[in-house]
Amino acid sequence: MSRRPIPLSFILMAVLLVHLPLLVMKLPLKSYDTNQHIFFASHYLQHWFDPWNTKWYAGFSQTTYPPLPQQWIAVLSHITGLEYGYMAVQLVAILLLAVGVYRFSLLWVSPRAASFAALASVFLGSESFLVYSAGQLGTTSAAPIYLNALPFLFEWIRFGRWRAFIKASVLFAAAAAAHHATLIFGSFFFALPVVALAIMEREEGDESERSSTAALIARTVAIVVVVTAAIVVVLLPFWIALIHYPVTQEPIPHASRANYILSPFWGLNYFIVPYGAVILAFPFIFWRGAAVHRLRPLLVGFWLAFLVGLGGTTPVSQLVLRRAGEVITMERFSYWATLLALPFIGVLVTELIDRFKTPAIATICTLAALTCGLAVAWSTIHPPDAQEFDTKPVADWLDRDGHDHYRYITLGFGNKIARLAMQTDAGSVDGEWNSARQLPELTAHGAGTLTSSKFFGKNGIDALRAMLEHADHYGLKWVFVRDHYYDPLLAFAGWRPVDNLNDHTIIVWSKDGVPPATPLNAPQIPPHWQGLLWGLLPFGCSILAILVLLIPERRPLESRIAFPSPAEEEYVPGRLAS
């Protein structure tokens, strides 16, 4: 049986074989956040240099969310349309993930084990969960860029090579333009272990390649300063919005922060489905990571991400994240933990195959297929929206007879409010990007979207009642109802049904005497110069990253990182015990 690494071309073909058909079928459209990202992209398609979007929250700034994936969707949509533009960007992210996992794993394990780690990323449950159920395009786009930057970070710190410094800096900035949280938290889970590895390996290799600890620390400080400055510039409007208008609203509950032991279903949703067969490898990960000296930084990164990803099951997430733990969701930490586990998985697969041959291959392939299959099928087993319906009749109703001169909300539409917003010219006081909203009726209550108010209990109903009471102030005249649960509340607040759509499945409610909606004179509206920066720098940074990567390397990565792998260093090949 061959002991050579799996060719990267074969791994990329596996990505296309597994994920391309699912993306062509537009399976991610069933996820939680996919339509929100497409909605953002639809705004960039029409207003590239104006991030102020009037369709949600009576107006909000899209500078509150890093724009790179959505801008690429907008660019590609000229050829493919918005939905397939999203699928294309997501496919590129999955392809880059396989390359990034291979390159990152080479820092820790042999090329053969790294190739198995990259192949495992194709079937990773957390990746499929984020793509097909959660729809977190920012996270799944930023992580691959970040992983591809880390080997250059190691090469700069360890050997002081300027090409690596330039490539790492540009890639880190591009990763931040895709998703800021990945870079901020990834610095602790991914970058610090790489820095620690470089310091641990400072005396290895030829005399010319050895460096003092002071030199390594100086290089680390240098790249941190440069990357920080680059990220500040590239995302300057984002930082301005965050500083002037921080997220101070009441925390919105999210199931990923639950105690998975006391809430078994959410444990299944946010632990079993994302981790899948990786759970079986936990004993090996901890044992091998603790036993092999140079794998310990990687183990620490994995262990911390793993604990934070458990949400409210342990107090770690609250201790580590503080206020941020009430804003962000925890499934991204489980995703990062699985990425950090992949080098260990590569070593384990290598040893199992060397020892047990064909039975090991059959077992591993079965487990990989089950892990990926469960995560892909989860959006059907547990769909974000139980019912599928067409929002186009609602959009057509809003766009005729001057109905779009007023604002609207929906009740019982779930995450299809983003799809509706793309189809109509009318504005709403509801929306899905909670961190950008500034309306006091929404921020004063710990509830998410108005359309799903009843699922947030008293907080949700209070927010809906407050918005209905202040309808005159926002020009809110229309309420589209698919759930009769809300009928008594509307009637008590002085609203009445005036029309019906989709064979009486959607009832249009109205309030008399509401004046037409007027633009809000909100201080959050970005000035023109911020719009120019937002339209030029993040997207331009990605173009620069592509060009920088075309700079040829003098030697391949495997030869540049010339230290022994754990498989060759501290245990006998073919044995699971050292």
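Predicted model: local features only at pLDDT ≥ 70, side-chain atom pairs only at ≥ 80, totals over all residues.
**A mixed sheet and a helix pair**

At β5, the pairing is with strand β6 (residues 506-510): the two run antiparallel and are joined by five bridges. Here Pro497 has Trp509 of β6 as its bridge partner. The hairpin of β5 and β6 has four residues between the strands, and Asn502 takes a positive phi near 50° there.

Put together, these pieces belong to an open sheet of four strands, in the order β3-β4-β6-β5, with mixed pairing. The edges are taken by β3 (407-411) and β5 (496-501); each has a single partner strand, so one side of each is left without a neighbour in the sheet. On average, and with direction ignored, neighbouring strands of the sheet are turned by 25° against each other.

Turning to the helices, two packed helices are described by the angle between their axes and the distance between the axes. For helix α2 (residues 34-46) and helix α3 (residues 68-80), the axes come within 8 Å and cross at roughly 65°. The crossing of α2 past α3 is right-handed. On the α2 side, the contact is made by His37, Phe40, Ala41, Tyr44 and Leu45, while α3 brings in Gln70, Gln71, Ile73, Ala74, Ser77 and His78. Sorted by class, this contact of α2 with α3 comes out at six nonpolar and five polar residues, with no charged ones.

Technical notes:
Residues numbered from 1 in each chain as written. Heavy atoms only, no water. Axes fitted to C-alpha atoms, helices over the stretch in contact; angles between N-to-C directions. Left-handed = near helix turned anticlockwise from the far one by under 90°. Contact = heavy atoms within 4.5 Å. Nonpolar A, V, L, I, M, F, W, Y, C, P; charged D, E, K, R; others polar. Pairing = 2+ DSSP bridges.
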